[in-house]
Amino acid sequence: MNDVTIRRVTVQDSGAVRALRIEMLADAPLAFVTTLAEVAEHKHDEYVGRCIRAAAGSQYAQYVAQVGGRLVGQVGAYADPVNPDTTMLVSIYISPAHRGNGTLGSLVNAVAAWSRECGRPRLELEVVTTNGRAVRAYQKLGFLRFGETMPHPTIPTMREQRMGRPA
């Protein structure tokens, strides 16, 4: 894990963020709401805008894991508009070669620190119930399931579970 740098995204990362997003959707298409075909249509300027929005401030953030010059993981986060004490984690992804080495925990801890600084003491996420590997990884990081399962937003035959923990 020593060679992995965890940091908040910058506007200069926009091309690498796009490449990582394409990788994550090719690797785990059922884990995300957006499809690879949709992402392929997004222009570079859209990623620049996303990175600008996530690089600073208290409403949105994106943290990345970098090895050398390559992004190998990410976690997006935003202030939950319904629960002001909660930060929602989204678009969580670690490249296969970097799974199981603590990168996910380091990314989540970076988001947790940001969330606490912003006055939000709780983290929550949604995970596809059949994604056992992700569920176990989140449980190892202290996330607990709560509430009823709900239909996946784009594939109604799949179910999602909410999980949460203190930031």
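Here is a quick briefing on the fold, the cores and a few residues of this predicted model. Being a prediction, it comes with limits: local features need pLDDT of at least 70, side-chain atom pairs count only at pLDDT 80 or more, and totals for chains, interfaces and linings use all residues. Residues are numbered from 1 along each chain as its sequence is written, and side-chain values use heavy atoms, with hydrogens and water left out.

**Overall build**

- The protein chain has five helices and seven strands, where helices (H or I, at least four residues) and strands (E, at least two) are DSSP runs numbered from the N terminus.
- Read from the N terminus, the order is β-α-α-α-β-β-β-α-β-α-β-β.
- The radius of gyration (taken over C-alpha atoms) is 15 Å, close to the 15 Å that the globule rule gives for 167 residues, so the chain is as compact as a globular protein of that length. That rule is 2.2 Å times the number of residues to the power 0.38.
- Along the principal axes, the C-alpha atoms fill a box of roughly 40 × 35 × 30 Å.
- Of the 167 residues, 42% count as buried; buried means under 20% relative accessible area, exposed over 50%, and partly exposed in between (1.4 Å probe, protein chains only).
- Take the contacts (heavy atoms within 4.5 Å) with a separation of 6 or more: residues 24 or more positions apart account for 61% of them.

**The cores**

- A nonpolar core here is a set of buried Ala, Val, Leu, Ile, Met, Phe, Trp, Tyr and Cys residues joined through side-chain atoms within 4.5 Å.
- The largest one has 27 residues, and those touching the most other members are Leu-89, Val-111, Leu-123, Leu-125, Tyr-138 and Phe-143.
- At least two residues each come from strands E2 (60-67), E3 (70-79), E4 (86-94) and E5 (122-128), and from helices H4 (103-117) and H5 (132-140). H4 gives the most, with seven residues.
- Another core, of twelve residues, lies apart from that one, and its members include Val-17, Leu-20, Met-24 and Ala-54.

**Helix H5 and Tyr-138**

- Ala-134, Val-135 and Tyr-138 are the buried residues of H5. Looking down the helix axis, they fall within an arc of 100 degrees, so they line one face of H5; the arc is that of the directions from the helix axis to the C-beta atoms.
- Arg-133 and Lys-140 are exposed on the other side of H5.
- The cover over the buried residues of H5 includes E4, H4, E5, strand E6 (144-151) and strand E7 (159-166).
- Setting aside neighbours within four places in sequence, Tyr-138 contacts Ile-92, Leu-104, Leu-125, Val-127, Phe-143 and Met-163.
- Just after H5, Gly-142 has a positive phi of about 95 degrees.

**Cys-51**

- Where does Cys-51 sit? Its place is in helix H3 (residues 44-55), and Cys-51 is buried, with a relative accessible area of 0%.
- Not counting residues up to four places away in sequence, Cys-51 touches Val-9, Thr-10, Val-11, Asp-13, Ser-14 and Val-17.
- Cys-51 and Val-17 are 34 residues apart in sequence but 8.2 Å apart in space, C-alpha to C-alpha.

**Ser-91**

- Ser-91 is in strand E4, and its phi is near 50 degrees, a positive value in a residue other than glycine.
- Ser-91 counts as partly exposed, at 23% relative accessibility.
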